Amino acid sequence: MAQPNLLDVDWSKIPAPVDDGGAAHLVGMAMPPVTLLATDDNSVTLSGLPGRTVVFAYPRTGEPGKISIVDDWDMIPGARGCTPQTCSFRDLFAELKAAGARQVFGLSTQDNVYQTEMASRLHLPFPVLSDEKLKLTAALKLPTMKVAGLTLIKRLALIIDDGRIRHVFYPVFPPDRNAADVLAWLKENPA
C-alpha cells in the first residue's frame, strides 16, 4: 500500500500497542558501551554521554510514495507512526533542550544511509542512530517485533541520565504525542 502522506493519520483507525512488559526491566539499567553510527557521521556511545539524553526508538520510518514493507503495516499494533513521532521530536527539539535534554537522538534498526536521507528530508535538528546490527537492541533486551524477516524495535523513549536509564515511555501511542509527553516529564523531573 502506498503512503501518500506519512503525517496525516487517523489514530482511531490504528490499533494501539499494549504494554507487554517488554520494557519493564530497563529503568535503572546502565547503558552498555555500544557505539552506533549517527546520521551526522559521528559514532555515538550513549553510555559515555554526560547529562540527560533523550532517545526515542521506532520500528522504521516510511518514505512518501513508497510501498510499505508489508500490506498490513498499519494494522500491526505500534508499527504505524514513525514519521509523525520523529517530526514531533523535531518540532519540540528546542523546548526539549530548554527543559534539560543535552542530547536528543532517534534510534531504529534501519541502515545509516537510509536514515541520513530521511533526516535530511525531514530537516531533523538531531542525529538518528542506526542499530542495524542490533547490538544495542540485544544488549538492552529492547522489545522488538519481527516483520517481513526484519527485527524492528518497538516504539519507546528513554530518558538517560549520565549513562543510566532513568525513565521509559512504553508503549507509546499515539506516536505523534510522544515528544510532548517526554517534554512534560522533563519539566516535572529536572536533572
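In which loop is the place of Leu134? Leu134 lies in the loop between S5 and helix H4 (135-140), where helices (H or I, at least four residues) and strands (E, at least two) are DSSP runs numbered from the N terminus. The model is predicted, so that local features need pLDDT of at least 70 and side-chain atom pairs count only at pLDDT 80 or more, while totals for chains, interfaces and linings use all residues. Residues are numbered from 1 along each chain as its sequence is written, and side-chain values use heavy atoms, with hydrogens and water left out.

**The sheet**

- Strands of a sheet pair through backbone hydrogen bonds, either parallel or antiparallel.
- S3 and strand S8 (residues 156-161) pair in the antiparallel sense over 6 bridges, and Val55 stands opposite Leu158 in S8.
- S3 runs parallel to strand S4 (residues 103-108), to which 5 bridges join it, and Val54 stands opposite Val104 in S4.
- S4 in turn pairs with strand S5 (residues 128-130) in the parallel sense over 3 bridges, with Leu107 opposite Leu129 in S5.

**Burial of strand S3**

- Strand S3 (residues 52-57) is mostly covered, since 6 of its 6 residues are buried; buried means under 20% relative accessible area, exposed over 50%, and partly exposed in between (1.4 Å probe, protein chains only).
- Both faces of S3 are covered, with Arg52, Val54 and Phe56 buried on one side and Thr53, Val55 and Ala57 buried on the other.

- In helix H5 (residues 178-188), the buried residues include Asn178, Ala179, Val182, Leu183, Trp185 and Leu186.
- Seen down the axis of H5, these buried residues fall within an arc of 165°, so they line one face of the helix; the arc is that of the directions from the helix axis to the C-beta atoms.
- Lys187 and Glu188, on the other side of H5, are exposed.
- The buried residues of H5 pack against S3, helix H1 (82-91), helix H2 (93-98), S8 and strand S9 (164-169), where contact means heavy atoms within 4.5 Å.
- H1 is mostly covered, with 8 of its 10 residues buried, namely Cys82, Thr83, Pro84, Gln85, Thr86, Cys87, Ser88 and Phe89.
- H1 and H5 pack at an angle of about 40°, with their axes 7 Å apart.
- That angle makes H1 oblique to H5, given that angles under 35 degrees count as roughly parallel, over 145 as roughly antiparallel, 65 to 115 as roughly perpendicular and the rest as oblique.
- The contact between these two helices is made by Gln85, Ser88 and Phe89 of H1 and by Asn178, Ala179 and Val182 of H5.

**Surroundings of Thr151**

- Thr151 has its place in strand S7 (residues 150-153) and counts as buried at 18% relative accessibility.
- Not counting residues up to four places away in sequence, Thr151 touches Thr109, Leu134, Thr144, Met145 and Lys146.
- The side chain of Thr151 makes a polar contact with the side chain of Lys146 (2.8 Å); a polar contact is a pair of N or O atoms within 3.5 Å, of which, within protein, one must be able to donate a hydrogen and the other to accept it, and residues adjacent in sequence count only if both atoms are side-chain atoms.

**Backbone details**

- Most residues other than glycine have a negative phi, and most peptide bonds are trans.
- Leu134 has a positive phi, near 65°, and is partly exposed, with a relative accessible area of 26%.
- Asp162, in the loop between S8 and S9, has a positive phi near 50° and is exposed, with a relative accessible area of 56%.
- A cis peptide bond with omega of about -10° joins Tyr170 and Pro171, and Pro171 is found in the loop between S9 and H5.
- The peptide bond from Phe173 to Pro174 is cis, with omega near -10°, and Pro174 has its place in the loop between S9 and H5.

Conventions
Two strands pair if DSSP finds at least two bridges between them. Axes are lines fitted to C-alpha atoms, for helices over the stretch in contact, and angles run from 0 to 180 degrees between N-to-C directions.
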